[in-house]
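Please read this report beside the sequence and the 3D view. It starts with charged side chains and then widens to the chain as a whole.

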Amino acid sequence: MSRYLGKKQENLRRALAAIGQPGQPAETGSRPLLLHMEITTRCNLRCLKCGHATDPPDSVRIAPRHLQYGIIETFDEFFAAAARVHTFGYGEMFLYAKLQRLVERLKHYECMVDGITNGVLVGKPEVDWLVEYGYDELTFSIDGVDPGTMQRLRGVDVEHIWNALAYLQRRKRESGADRPRVIVNFVAQSDNYLELPHLV
């Protein structure tokens, strides 16, 4: 039986009760159902449409910083009550050195976990623990199928991403896992939208 399901259900019940009585005081507690964790603002790419490429070097938004794991260790009561946790923000989540440790902690608290990646840092070791821990949903940002398009827009070797996705599919099949679910973000632009059907 789930160890934390009761806490999560009670948290949801309070939230629904508060929504169902607009304008009336309601006891919702202080435990969010959804946590969005900005674990890093660093990124390994400078995609043309992103602030990492266009913001001034001293911009607070792209200041290179990681969330200290010591802070995360104080969040356990929130993890116990949260239904879902996003492990991404303005940076590339796989640059966070303690990402695997964080995901292991979140899955201990039976949270649904999702994130967004450019895919460049996703290799076989990352895929292995993502599947092992049951990471729920991983979104890859892919803006083209043609290698030249991805190189121009993102500075990325798209073959690496295809290989990572193929290995992820294989590992899920071998282990009988249905997670992580894979989603693709595609930013349609005048110079890449014709590639979208090929991406599908």
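In this predicted model, Glu10 is partly exposed, its relative accessible area being 31%. The side chain of Glu10 meets that of Arg13 in a salt bridge, with 2.6 Å from N to O, and Arg13 is likewise partly exposed, at a relative accessible area of 47%. The two residues, Arg13 and Glu10, are 3 residues apart in helix H1, and about one helical turn therefore separates them. Side chains of opposite charge can pair when their charged atoms come close.

Two further salt bridges share one residue, Asp136. In one of them, the side chain of Asp136 meets that of Lys107, at 2.7 Å from N to O. Because Lys107 lies in helix H5 (residues 99–108) while Asp136 lies in the loop between helix H6 (124–133) and strand E4 (137–141), this pair ties together parts that are 29 residues apart in sequence. Lys107 and Asp136 are both buried.

In the other, Asp136 pairs with Arg179, and the closest N and O atoms are 2.8 Å apart. This pair links distant parts of the chain, since Arg179 sits in the loop between helix H8 (158–175) and strand E5 (181–185), 43 residues from Asp136, which is in the loop between H6 and E4. Asp136 has a relative accessibility of 9% and so counts as buried, the cut-off being under 20%, whereas Arg179, at 36%, counts as partly exposed.

| Salt bridge | N to O distance |
|---|---|
| Arg13 and Glu10 | 2.6 Å |
| Lys107 and Asp136 | 2.7 Å |
| Asp136 and Arg179 | 2.8 Å |

A search of the whole structure finds 16 salt bridges. Elsewhere, a network of salt bridges links Arg84, Asp114, Glu137 and Arg181.

Helix H1 can also be considered as an element. It covers residues 5–20, and at 1.5 Å a residue its 16 residues should span 22 Å, which agrees with the 22 Å between its end C-alpha atoms. Which residues of H1 are buried? They are Lys8, Asn11 and Ala15. Seen down the axis of H1, these buried residues fall within an arc of 65 degrees, and they therefore line one face of the helix. Helix H4 (76–81) is included in what covers the buried residues of H1.

On the other side of H1, Leu16 and Gly20 are exposed. Leu16 also belongs, with Leu12 and Ile19, to a nonpolar surface patch of about 310 Å².

Thr139 has its place in strand E4 and counts as buried at 8% relative accessibility. Setting aside residues up to four places away in sequence, Thr139 touches Gly115, Ile116, Thr117, Ile183, Val184 and Asn185. Thr139 and Val103 are 36 residues apart along the chain, and their C-alpha atoms are separated by 16 Å.

Val158, for its part, has its place in helix H8 and counts as buried at 1% relative accessibility. When neighbours within four places in sequence are left aside, Val158 is in contact with Gly144, Val145, Pro147 and Met150. Between Val158 and Cys43, which are 115 residues apart in sequence, the C-alpha to C-alpha distance is 17 Å.

The chain as a whole can now be described. How many helices and strands does the chain have? There are 9 helices and 5 strands, and from the N terminus on, the elements run α-β-α-α-α-β-α-β-α-β-α-α-β-α. Taken along the principal axes, the C-alpha atoms fill a box of roughly 55 × 45 × 35 Å.

Of the 200 residues of the chain, 41% count as buried. The accessible surface of the chain comes to about 11,100 Å², and carbon and sulfur atoms account for 54% of that area. Among contacts between residues at least 6 apart in sequence, 72% join residues that are at least 24 apart.

Note on methods: Residues are numbered from 1 along each chain as its sequence is written. This is a predicted model: local features need pLDDT of at least 70, side-chain atom pairs count only at pLDDT 80 or more; totals for chains, interfaces and linings use all residues. Side-chain values use heavy atoms; hydrogens and water are left out. Helices (H or I, at least four residues) and strands (E, at least two) are DSSP runs, numbered from the N terminus. The expected span of a helix is 1.5 Å times one less than its number of residues. Buried means under 20% relative accessible area, exposed over 50%, partly exposed in between (1.4 Å probe, protein chains only). The arc is that of the directions from the helix axis to the C-beta atoms. Contact means heavy atoms within 4.5 Å. Patches are made of residues with over 30% relative accessible area and no salt bridge: like charges are joined within 9 Å, nonpolar side chains (Val, Leu, Ile, Met, Phe, Trp, Tyr) within 5 Å. Accessible areas come from the Shrake-Rupley method with a 1.4 Å probe; for residues, only the protein chains shown count as cover. A salt bridge is a side-chain nitrogen of Lys or Arg within 4 Å of a carboxyl oxygen of Asp or Glu.
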